[in-house]
Amino acid sequence: PVLLGCGSAQPGGCPALCECSEPAKTVKCVNRNLTAVPPDLPPYVRSLFITGNPLTQLPAGAFPAQRLPELASLNLSGNHLRTVEAGALALPALRQLDLSGNALVSFSPQAFGEDGSSLEELALRGALRDHGVLLSLAALLQSGALRNLSRLELADNGLLLLPAGMFTALPALRQLDLSNNSLVGLRNVSFHGLGQLQSLNLSDNSLGVLWNSTLAQFRSLPALRHIVLGHNTWVCDCAIEDLVAWLKESDQVEGKEALTCASPDKMLGKALLKINGSDLNCSAPTDLPSQLQTSYVFLGIVLALIGAIFLLVLYLNRKGIKKWMHNIRDACRDHMEGYHYRYEINADPRLTNLSSNSDV
């Protein structure tokens, strides 16, 4: 039976404004204008839905672990959550958490308690629009508090770049959804250590190219068999040759036949799998870091050559330079002797009187 709570709940009963099913061990508080988590949730609850409410914060102890020992699935999507404090989600049985559709600005790295969590699924779709909360989430993931996490959903967050090493402490991760963001590159993202990763969704982003370092990581992940790359802004110039070669040899990418160039204009709409060397007109693979390194080496060689030529010129003209230095020395000495002679005349009072009484 489904019971609608009226007034105060009795122990093991249903909170006011919530619907409860004890046989299904489910409580639903949906669109009830709640501003705080009901304090009288029944201890039998395993699946709790608190959605569509003007709930703005989760303080420490919002879900008491002693009172809710069986709570395994918690859906808090579509509220107005901005703050998740330390200890707010310290639930021993929690396996699934959905915070999608909130506007988080503060997410404590200790939200799941000091001893970590057994959480397996975390959904944050559209909840990470603030850059500060993204950094907090990265710190939480890197701390190892969620080492049992197998599914992580970060779609619809407008992410441009991901913090370095964000996923390195998630050895059990199997599904990672980064779709519908604004990611422009993955160079600072490390997938090392994700030996269980099976599915990676990178569709609907702003990726222009995937570099060799990223492709090598994809090749090294033994379980990764589903990579989605559709609806990205692929730039089909010389830098895309490695990506094209990988696509042709790899069976990891779903729907790779539909991947097309977004620029330049002459390549617009051309399938990536149909690109060949003549289309790109590249004499050598383009890799900006290697080009810069080559430029610095060339500049060093040129400067060393100029220095060697200068020293050689000095050596060949050493006699002339020595003579020139002697001439300068003699000229300076003559000039100083002239100053010394004038000083002696000015210092002699007899010569001074003679000079003042003379007609000349």
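Helices (H or I, at least four residues) and strands (E, at least two) are DSSP runs, numbered from the N terminus. This is a predicted model, in which local features need pLDDT of at least 70, side-chain atom pairs count only at pLDDT 80 or more, and totals for chains, interfaces and linings use all residues. Residues are numbered from 1 along each chain as its sequence is written, and side-chain values use heavy atoms, with hydrogens and water left out.

**View 1. Asn 232 sits in the loop between β14 (226-228) and β15 (234-235).** Asn 232 counts as buried (under 20% relative accessible area; exposed is over 50%, partly exposed in between; 1.4 Å probe, protein chains only), because its relative accessibility is 8%. Its side chain makes polar contacts (pairs of N or O atoms within 3.5 Å, where one must be able to donate a hydrogen and the other to accept it; residues adjacent in sequence count only if both atoms are side-chain atoms). At 2.9 Å, the side chain of Asn 232 reaches the backbone oxygen of Leu 229. At 3.1 Å, it reaches the backbone nitrogen of Leu 207. Neighbours within four places in sequence aside, Asn 232 is in contact (heavy atoms within 4.5 Å) with Leu 202, Ser 203, Asp 204, Asn 205, Ser 206 and Leu 207.

**View 2. The largest nonpolar core has 89 residues.** Such a core is a set of buried Ala, Val, Leu, Ile, Met, Phe, Trp, Tyr and Cys residues joined through side-chain atoms within 4.5 Å. Leu 58, Phe 63 and Phe 167 touch the most other members. At least two residues each come from β3 (26-30), β4 (47-51), α1 (131-142), α2 (212-220) and α3 (241-249). With 6 residues, α1 gives the most.

**View 3. Phe 63 and its contacts.** Neighbours within four places in sequence are left aside. Among the contacts of Phe 63 are Val 37, Leu 41, Leu 48, Ile 50, Leu 58 and Ala 88.

**View 4. A nonpolar patch lies on the surface.** Patches are made of residues with over 30% relative accessible area and no salt bridge; like charges are joined within 9 Å, nonpolar side chains (Val, Leu, Ile, Met, Phe, Trp, Tyr) within 5 Å. A salt bridge is a side-chain nitrogen of Lys or Arg within 4 Å of a carboxyl oxygen of Asp or Glu. Phe 310, Leu 311, Leu 314, Ile 321, Trp 324, Met 325 and Ile 328 form this patch, with about 690 Å² of accessible area together (Shrake-Rupley method, 1.4 Å probe; for residues, only the protein chains shown count as cover). α5 (288-316) and α6 (318-347) each supply at least two of its residues. The largest share, 4 residues, comes from α6. Leu 311 lies in α5 and is exposed, at 56% relative accessible area.
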